Amino acid sequence: MYDILQALINGTFGWGWPDWLIYLISSLVVVTIILVVAPLQMLFFTYYERRVIARMQDRIGPNRVGPEGIWQPIADGVKMFTKEDIVPEAADRIVHFLAPCVVVAPTILMFAVVPWGPGMTPVDLPTSLLFFFAVSSISAVGLMMAGWASNNKFSLLGAMRAVAQMVSYEIPAVLSLIAIVMIVGSLSINSIIEYQAGLLISNRDLPGIPDLGLGWFVFTPVGFVAFIAFFIAALAEGERTPFDIPEADSEIVAGYMTEYSGMKFGLFYLAQYVLNFLLCAITAILFFGGWQGPGVNWLYAQAITPTNPDGNGLFNVLAGALGVFYFLLKTYIFFFVMVWLRGAFPRLRIDQLMDFGWKFLIPLTLANLFSAAVWVAFTRWGAAEGMLITVGWSPVLRWLAAFIITLAINIGVYLWLTQVYAASQAERRRVELEELSATL
Amino acid sequence: MEVVVQITFGVIAVFILVAAAMVVSVRNVIHAALWLIACFFGVGALYMLLEAEFLAVVQVLIYVGAVSVLILFAIMLTRQITGEGVRQLTNRWPVVLAIATLLFATVLAPTLINQQWNVPPAPPLGTPEPIAGPAELGRGFVNEFLIQFQVVGVLLTVALIGAIVIAYEERARRRKVLTLAEELELKRLREQTSPTVPAPVEAEPVVQESRSASER
Amino acid sequence: MMEPPFEIEIPRGRVIEVQRDDSRVRRGGGLLRGMAVIWKHWKESFRLNRSYSQIHGTFTIQYPEEKPRIPEAYRNMPILLYDDETGHELCTSCFQCERICPPQVIHMTQAKDPATGKPVPAVAEFIIEYDACMSCGFCAEVCPFDAIKMDHEFELSTDDHAQLTVHKAQLNRPISYYASIAPTMWAEVRESALKKLQGNIRRRPDVIGIAPHLTERIAARRAELAAQAAAPSPAAEPASPPAPSAPTEARKLTPEEKAAKLAAIRAAKAAQAGDGVTPSAEGGTPAEAPPADDKAARLAAIRAANAAKKAAATDAAPAATGEPTTPTPADDKAARLAAIRAANAAKRKQAADSVDTEEGS
Amino acid sequence: MLNAVPLPAVLTLAAALFCIGLFGALSRRNLIGVLMGVELMLNAVNINLVAFWRYFEARYITGQTFAIFIIAVAAAEAAVGLAMVIAVYRHYVTVQADEIDRLRG
């Protein structure tokens, strides 16, 4: 944004404004865009989810307000705004008031590092991926505050569940990301996206692959396992249905949101859907190339960039539009999958959730980390790093070797882990039953 | 530009100190923990100001995301929250306050301020300064600091296991009601391995006996 | 190991357990199968499904625009039938429905021949409190004349609670209406219902038992028929029959007159029922009614009689002299209320009597 | 930053934070409060390390590495410490430090 404004104001118009003013204006513009886009995404997501889940349940869904019910979320929002804001008598008023803010703020902050298209990153941090997850973990504190301040058993129970779940599933999520980070060698989201150029095979792994923007990580064994593990962890972190234990309406009313009404409840809702959007977006970015897609890189090569200052500004717009289109398309597809899962699966029990996270996903992602190391060793290392086997191999051979070995490792680990996990679950059930029968 | 940095630093410093003071003085333990989180945040911001981006992010990730949540969990599990009618400070707190204040006022602050630090001159504004980022850190961890890195890893693993061992609770209070599916599976289990599993009839007198003993 | 569908007897019943370790659902395969099912539902949901025998496709009906296809046996609220051709109501006021109604929301009074004062197999007023009706359909089942049937109309919501106490005029539906909403059900009972109706019509004088809104038309038609019958002599034609030849009831009854008449009839009946305790006791019925009931009935009857007298003083007498006056609506209402009250009391009395009779015999 | 804020300012801030943490660790009765005080002290130390790193040798990683090790140690300390607090609470049903006095004669 700074570059664009700089080029526009000082380049095109030649007004010669000072740097700090342009910096300030660009920051404000970015903040405004984020603050507008985030609630809009939330509104769209609520509508989208309700329509899709309705179709899965052989219904139609909201279709009365406006054409095909498109204004339904706005009507809901109006209702939310006009509702009475109730604070329980015994609540801790200040904490009760702060909690929704603490939950919403990090989700909006996470938008800061999400790239929407080529050269369209609001803030390009070198540690943006880590920033994304660090900030996402703050909302756990907000949930805890909400649950405790409400002074309600259901709220506290929901908050404890939510936080336990988020903390546990952050580990497999981050572990599966580290595999990707190891391959890319950078924590910057932009460089992760740039790595995924190519056609089925990234052209950084195997130079010479034509660049169609399809060298996604999901096509590699490492990326695929990481994708599955990360998506499951994302479901748990976004409190989506198989893992919506914190707000299990049939057990604990609405979890930590029980004592909230009006716009405070709306803020929780906003945070939840924005978080879902961001998790879908980060899945699309890390494993499906984000804005990468056929044509984007070619268009962007013609555009004005720091490396190509005398490009054509029209191509900036075209590349941006196409990139945003691909990015949103992938994101919405992932949200469809989330809704699909919600339609298909019942809610887990908390101990099942913890067992699955700690005893299945974490070992799987650790094994995947090893696969990632193997991948890096085969595709990139040479004699200097002590990788003597591959000396003299052609890049294709090295890539093939890496692919086959990681595939074998991942499939073997998956099969072994499923067997072990199923056996351990059966054994645990048996032991529990024996204990029960002894106490009866 | 310098003024902006100075103001920012001042705001962050005041924020950190106020939050820290609240941590040690607030009666409600949950509020203290929340102030502690605020303090961690302020420290993270200070790291950002000191251009240690990676460290700032790690501070938020570990302290705000994990340690503080751990503390909140511990508070809620120990159920001593509101602190109404309970002294929060020991009887000797004035002594401690005096020690802490004296330590700061007479030893630390004068020494730190009067010491000639010989700080190398900062490069003029605008010139890029080579600052070690996450990439250098990563390289350092697998080269010169490899042993330390491994030791920290072992430490964390040991801490994980130790925490589990210390906080592990024998499942003494078990629920006594079986669900339908459990009842079913139990029955099937008995049919398979009937000699090993004791029948409930045998276990019942034991339970009754212990209960009557406790009543007496 | 057991066979996959594992069946077991437990104290709470018999249970069939599906094996958890089914080889088809191992290693995440079960998850994928579940997702496939939902995918099929999603894919098929863009097709409308109206057959009810398939599990895929959207069932939703866009209600205010589209109406659901209601099955014939659907029942909502009771209605009364009348014959399209003759205009006669099928109801003979046999009180079966009133007796069986679980929430006691059906009330009716029997019609009387104004000339002789004897009861006629027709209903004078029929009231159903729709607000308390529970749509059980007992009334329709018990009705021996197939006069009361269950309607398919379900859009009854209103902001006026009093509107849900429905009178005969609003309850009446032609047989053709019922035949259209429930053709097979009507076809089953058509023969016997019409036959019974013919029998009843013979015992109904004049226009009693004719749906109120048809009274005028039917009377006119009858007069016409009568005129046609007397047609041969053209001299008689100018003295057009309606006014002189038709009895008083054949005139156009203004609503006030009708109400007054109705009130009078009801009051008379109530009075009779109340006073009739002694005659019936004298007439050989062995048991005396319990005093409390008797007293209540008497009180109600007296009250009703008073009200009726008041009403009669204002308009029944002038009506008798042929001077059409307009009674004040308040009086009319009071009279109506009194009549209903009296009728209820009488009914209670009657029920008590009948119980006593049974016990006595 | 380097020109605007002198190093002693940052170090004094760290020292003040350390003293506050010390006060909390020594005077709080609640065991969790004591742990919170210790966390404050560790943070003060970290500020010191990062400040020295930034002002003296920004091109090397030693200071940051040390800070990261301290963060890891702090996390381990918090985990074990809180586990101990919970174990103590289970046993004595209190977390007030001066009420846990089984050894007092």
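What percentage of the 216 residues in chain B is made up of buried residues? The share is 29%, where a residue is buried if 20 or more other C-beta atoms lie within 10 Å of its own, exposed if 12 or fewer, and partly exposed in between, with C-beta atoms placed from the backbone. This is a predicted model, in which local features need pLDDT of at least 70 and side-chain atom pairs count only at pLDDT 80 or more, while totals for chains, interfaces and linings use all residues. Residues are numbered from 1 along each chain as its sequence is written, and chains are lettered from A and ligands numbered from 1 in the order in which they are written.

**Chain B**

Let us stay with chain B for a moment. It has eight helices and zero strands, in the order α-α-α-α-α-α-α-α along the sequence. Here helices (H or I, at least four residues) and strands (E, at least two) are DSSP runs, numbered from the N terminus. Two residues are in contact if their C-beta atoms, placed from the backbone, lie within 7 Å. Among the contacts in chain B between residues at least 6 apart in sequence, 54% join residues at least 24 apart. Chain B is divided into domain 1 (1-84) and domain 2 (133-166), with bounds that come from an automatic or database domain assignment. The C-alpha centres of these two domains of chain B lie 24 Å apart.

**Where chain B meets chain D**

Chain B puts 73 residues in contact with 66 residues of chain D. On the chain B side, the elements that give two or more residues are α1 (2-25), α2 (29-49), α3 (53-78), α4 (93-114), α5 (134-142) and α6 (146-167). By class, this side of chain B has 59 nonpolar, eight polar and six charged residues. In this scheme Ala, Val, Leu, Ile, Met, Phe, Trp, Tyr, Cys and Pro count as nonpolar, Asp, Glu, Lys and Arg as charged, and the others, Gly among them, as polar.

One helix pair is worth a visit in your viewer. α2(B) and helix α2 (residues 31-56) of chain D pack at an angle of about 5°, with their axes 11 Å apart. That makes α2(B) roughly parallel to α2(D). Residues making the contact include B:Leu36, B:Phe40 and B:Val43 of α2(B) and D:Met36, D:Leu40 and D:Ile47 of α2(D). By class, the contact of α2(B) with α2(D) has 14 nonpolar, two polar and one charged residues.

Axes are lines fitted to C-alpha atoms, for helices over the stretch in contact, and angles run from 0 to 180 degrees between N-to-C directions. Angles under 35 degrees count as roughly parallel, over 145 as roughly antiparallel, 65 to 115 as roughly perpendicular and the rest as oblique.

**Chain A**

Chain A has 15 helices and two strands. Its radius of gyration, taken over C-alpha atoms, is 24 Å, close to the 22 Å that the globule rule gives for 440 residues, so chain A is as compact as a globular protein of that length; the rule is 2.2 Å times the number of residues to the power 0.38. Along its principal axes, the C-alpha trace of chain A spans about 70 × 60 × 40 Å. Buried residues are 46% of the 440 in chain A. Of the contacts in chain A with a separation of 6 or more, 74% are between residues 24 or more positions apart.

The domain assignment of chain A gives domain 1 (1-81) and domain 2 (83-373), and their C-alpha centres lie 18 Å apart. The contact takes 19 residues from domain 1 of chain A and 20 residues from domain 2 of chain A. On the domain 1 side, the largest share, 14 residues, comes from α2(A).

Helix α2 (residues 19-56) of chain A also packs with helix α11 (residues 262-288) of chain A at an angle of about 90°, with axes 9 Å apart. α2(A) and α11(A) are therefore roughly perpendicular to each other. The residues of this contact divide into eight nonpolar, three polar and no charged.

Most residues other than glycine have a negative phi.
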